[in-house]
Amino acid sequence: MTAPAHPADPAGPATRPWYVSAGLALAAVALLLGLAWGAARLRSPYPFYGTAYPAGTQAAPFQGVAVQGGAARPFAFTPGAGGQATALFFGFTHCASICPLSLSYLNKARALLPAELQAKLQIVLVSVDPARDTPARLNDYVSYFGSGTGVRVPEPALTQVARAYGVAYQKAEVQGAAYQINHTTATYLIDARGHLRVLWDYTQLPQVERVKADLQYVLETP
């Protein structure tokens with residue numbers, strides 16, 4: 001004797017109420033956000049506005065030529081030397097928008113710091129266009145936006161320096177105009193111990209109060 005087969009449910013398989021599905025989706029999103037937040041806090045206990053580097057990431061030294069004391073002289077960048085932090089940017093003086101805006105915002109953010117902290121931060125621009133950017137031109141360009149150092153690093157050393165910071169750059173021909181340089185638009189904050197701490201994309205720099213907060217934290221907790 002066999003058990004009678006159950007008749008098929010005319011309503012089809014049971015469906016999950018919409019609010020249960022919505023709750024599960026929200027829980028999944030919350031879990032992902034929590035994991036992302038936890039990963040960020042593992043990198044840095046401080047909620048940086050920019051992207052934090054893993055603790056102890058050493059910045060690369062490099063050499064070039066910059067105007068110092070009114071004349072072009074050999075320039076050696078040693079991360080953290082003299083107890084100074086550095087906002088390092090790669091750009092070029094023929095840049096029409098991103099480079100001047102980046103330098104302008106960085107100077108504005110520094111100006112918001114207490115005077116004693118301003119003195120502990122230097123702004124350095126490394127040219128990705130050494131064919132046109134002389135040390136004198138770089139010095140005039142950087143000085144126009146505030147204070148800082150414009151460094152010319154000749155090829156092939158420039159390629160090595162850029163690679164050390166994860167910077168890409170490429171010459172781009174422009175019809176009917178001088179060439180441009182496509183390049184990575186990040187600014188790298190290096191602390192007084194020579195460690196990379198934060199990276200900002202240029203789209204973040206207009207939020208100068210938030211950039212200033214990152215600067216102040218790194219300057220006060222090297």
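**Exercise 1. Is Y46 buried, exposed or partly exposed, and what is its relative accessible area?**

Solution. The structure is a predicted model, in which local features need pLDDT of at least 70, side-chain atom pairs count only at pLDDT 80 or more, and totals for chains, interfaces and linings use all residues. Residues are numbered from 1 along each chain as its sequence is written, and side-chain values use heavy atoms, with hydrogens and water left out.

Step 1. Set the classes: buried is under 20% relative accessible area, exposed is over 50%, and partly exposed is in between (1.4 Å probe, protein chains only).

Step 2. Y46 has a relative accessible area of 21%, so Y46 is partly exposed. F48, with 12%, is buried.

**Exercise 2. Classify the aromatic pairs Y46 with F48 and F90 with Y165.**

Solution. Step 1. Rings of Phe, Tyr and Trp (its six-membered ring) pair if their centres lie within 6.5 Å; planes under 30 degrees apart are stacked, over 60 edge-to-face, and the rest tilted. By this rule the whole structure has nine aromatic pairs.

Step 1. The ring centres of Y46 and F48 are 4.9 Å apart and the planes stand at 70°, so this pair is edge-to-face. Y46 and F48 form one aromatic cluster with Y217.

Step 2. For F90 and Y165 the centre-to-centre distance is 5.8 Å and the planes are 50° apart, which makes the pair tilted. This pair links distant parts of the chain: F90 is in strand 4, Y165 is in the loop between helix 5 and strand 7, and 75 residues separate them. Helices (H or I, at least four residues) and strands (E, at least two) are DSSP runs numbered from the N terminus.

Step 3. F90 is buried at 0% relative accessibility, and Y165 is buried at 5%.

**Exercise 3. Find the buried face of helix 5 and name what covers it.**

Solution. Step 1. Helix 5 spans residues 157-164, and its buried residues are L158, V161 and A162.

Step 1. Seen down the axis, these residues fall within an arc of 100°, so they line one face of the helix. The arc is that of the directions from the helix axis to the C-beta atoms. An α-helix has 3.6 residues a turn, so residues three or four places apart point the same way.

Step 2. On the face turned away from the buried side, helix 5 carries the exposed residues Q160 and R163.

Step 3. The cover of the buried residues includes strand 2 (62-68), strand 4 (85-91), strand 5 and strand 7 (169-174), where contact means heavy atoms within 4.5 Å. Just after helix 5, G166 has a positive phi of about 75°.

**Exercise 4. Carry out the analysis for helix 4.**

Solution. Step 1. P135, L138, Y141 and V142 are buried in helix 4.

Step 1. Their arc about the helix axis is 130°, so these residues line one face. The exposed residues D140 and Y144 are on the face turned away from it.

Step 2. The buried residues pack against strand 2, strand 3 (71-77), helix 2 (98-111), strand 5 and strand 6 (149-151).

**Exercise 5. Describe the surroundings of D129 and Y179.**

Solution. Step 1. D129 lies in the loop between strand 5 (121-127) and helix 4 (135-145). At 2% relative accessibility, D129 is buried.

Step 1. Leaving aside residues up to four places away in sequence, D129 touches G91, F92, H94, Y179 and I181. H94 is 35 residues away along the chain, with 8.7 Å between the C-alpha atoms.

Step 2. A charge sits over a ring if NZ of Lys or CZ of Arg is within 6 Å of the ring centre and within 35 degrees of the ring normal. R132 lies over the face of Y179 at 3.6 Å from the ring centre, and K171 also lies over the face of Y179, at 4.3 Å.

**Exercise 6. Which strands stand at the edges of the six-strand sheet?**

Solution. Step 1. The sheet is open, with strand order 1-10-9-4-5-6 and mixed pairing; two strands pair if DSSP finds at least two bridges between them.

Step 1. Strand 1 (51-52) and strand 6 stand at the edges, each with a single partner strand, so one side of each is left without a neighbour in the sheet.

Step 2. Y188 has L199 in strand 10 as its bridge partner.
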